[in-house]
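Please open the structure in your viewer and keep the selection panel at hand.

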Amino acid sequence: MNRRVLFLYPPHARNTEPPLGAALLAAFLRSCGGEARVLDLNAGAAPALALGAPDAPDARTHRAALHVAGALRALRTPEGYASPARYRTHVAHYAAALRARARGEPWDLTPGDFTDGRCPDFGAAAVEPFIDAPERVPFLARCAEIAGPVLREFEPDTVGISVIFRSQLLPAAALGGWVRRQRPGAVVMLGGGFLDALPAGTRAMLERRLGAVVLGDGEPALRAAFGLEPPEPDFFRDPDFGDFDLDAYLAPGRVLPIAASRGCYWRRCAFCDEGRRDFAQDRPRAFAARLARLAAAHAPACLHFTDNAVPPACLRLLADEGSPAAWFGFVRARPELRDPGFVRALAASGCRMLQLGLETPVPRLLAALGKGVDPGDYGPILRNCAEAGIRSYVYLMFGLPGQTVADCEAALRLIASEPMDFLNASIFRLPPGAAMGADPALWAIDRFEAERATSLYHAWSAPGMDTRAVRHWLARRLRREPRARAALARTPSYFKSSHAAFL
Ligand code: SF4
């Protein structure tokens, strides 16, 4: 029976903390008597390329060549984050070094993203060449250097490869191709949330060429594949970070990810694909005990709650009993956050930052979207956060079906009138699995393409502002409004919320 599994976390994603999914799957397998190893190939991949970047006569590249090693060192210390201006300089040197490294190559690399011009879309024909020629991705040599000896010594029966982010897909395909050559007898399993978004034809190609493509949670798939009988239910256990160098990440101290839930306890937003996943929640007391054990074992500087929205019972427990370390995460704009005492208690528990998906302040749109929040709460919540010293990271969406210029202006008034530390203003795209796509006419969508051969999103249109008009409005109105411009300027480039909690 195959029970010796090597989990690989491929480049390239923000390398600010270890990957929670791999740490949980390793813990799950070990709890069932299996053998697991985890290699975070992402942690040092882009920094290694930046350190090897060539010098050039232009001032920016030359400065980057001189300072990138120091910048990467600083981004691993609290001092690197003490001054926003110095922080931005460190990140700029890192980004410029990566840009220099990518010059003349078909691929592009930033501290938070990886793309390849030879892969203009996500169709099978564009992705498959990376399986046949893994050396197309610039990370391969280093990945092979790290993973090769482990493949030979550990002799895994199965190699699991995570694809959590879009920017990991091509490196994951390349790694899969490389593993199949290095260890032809091993089973390859691809897993991770991004695979859900891929066109069906691309997933079928990955299955044909590499091995199983696991959609949804990994534990049930491992249990079914290996006939495991776990001593505890599948989902909630202490993640095992024993295989990671926790000091290797670009963060001011150790940041440990953990979640109190899977899926989303609300699940009713029509634009979001979380509605198709079942929701499961850790018992609040068990969750609190996990936090205490993680803090005792690893002394984290900060905990990152990766829940789609931290469940209300856990939030209440944190407010009542505190946390063993500072923390940040997503919450829904619920009425209890209107209570200044509750928000102060969250701050006292160690809350550094709340991520708030407010989307729009327009009641008509919120009702149509099924968001289930009262925009009258937005102002009090943001003011409570500001007064309690909790940073707010606000997400607003533009280009929603039926959204008018007047609706966008209402969002601008919210930004101009309420305190927001960081701002993400995104253009809406309709993901597969969102309720909106199941019945587009309900949202007055008059053109909807259900089939996606090469795209991650459905093509659609509705009367009102099209994407071009939205982009124009964002550039001409939002980015010129002083408080919006200031919030956007404060929001960390590339690392976004992963670093915002520390600035
Ligand atoms: S948008 Fe957020 S709250 Fe709404 S269903 Fe998705 S994850 Fe849940």
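What distance separates the centres of domain 1 and domain 2, taken over C-alpha atoms? The separation is 29 Å. This is a predicted model, in which local features need pLDDT of at least 70 and side-chain atom pairs count only at pLDDT 80 or more, while totals for chains, interfaces and linings use all residues. Residues are numbered from 1 along each chain as its sequence is written.

**The two domains.** Select 4–45 together with 119–226 for domain 1, and then 255–500 for domain 2; these bounds come from an automatic or database domain assignment. The contact between them involves 13 residues of domain 1 and 20 residues of domain 2 (two residues are in contact if their C-beta atoms, placed from the backbone, lie within 7 Å). On the domain 1 side, four of these residues are nonpolar, four polar and five charged. Here Ala, Val, Leu, Ile, Met, Phe, Trp, Tyr, Cys and Pro count as nonpolar, Asp, Glu, Lys and Arg as charged, and the others, Gly among them, as polar.

**The open sheet.** Next, display the strands in the order β2-β1-β5-β6-β7, which form an open sheet with parallel pairing. Helices (H or I, at least four residues) and strands (E, at least two) are DSSP runs, numbered from the N terminus, and two strands pair if DSSP finds at least two bridges between them. β2 (35–40) and β7 (211–214) are the edge strands, each with a single partner strand, so one side of each has no neighbour in the sheet. Now select β1 (residues 4–9): six bridges join it to β2, and F7 stands opposite V38 in β2.

**Helices on the sheet.** Select helix α1 (residues 20–31), which lies across β1, β2 and β5 (158–162) and runs at about 170° to β2. Angles run from 0 to 180 degrees between N-to-C directions, with axes fitted to C-alpha atoms, for helices over the stretch in contact. Helix α8 (residues 169–182) touches β1, β5 and β6 (187–191), and its direction makes about 170° with that of β6.

**The ligand.** Move to the ligand and select the residues around it, including C264, W266, R267 and R332 (a residue is near a molecule if its C-beta atom, placed from the backbone, lies within 6 Å of it). The shell has five nonpolar, three polar and three charged residues.

**A last pair of strands.** Finally, select β14 (residues 391–398) and β15 (residues 422–427), parallel strands joined by six bridges. The bridge partner of V394 in β15 is L423.
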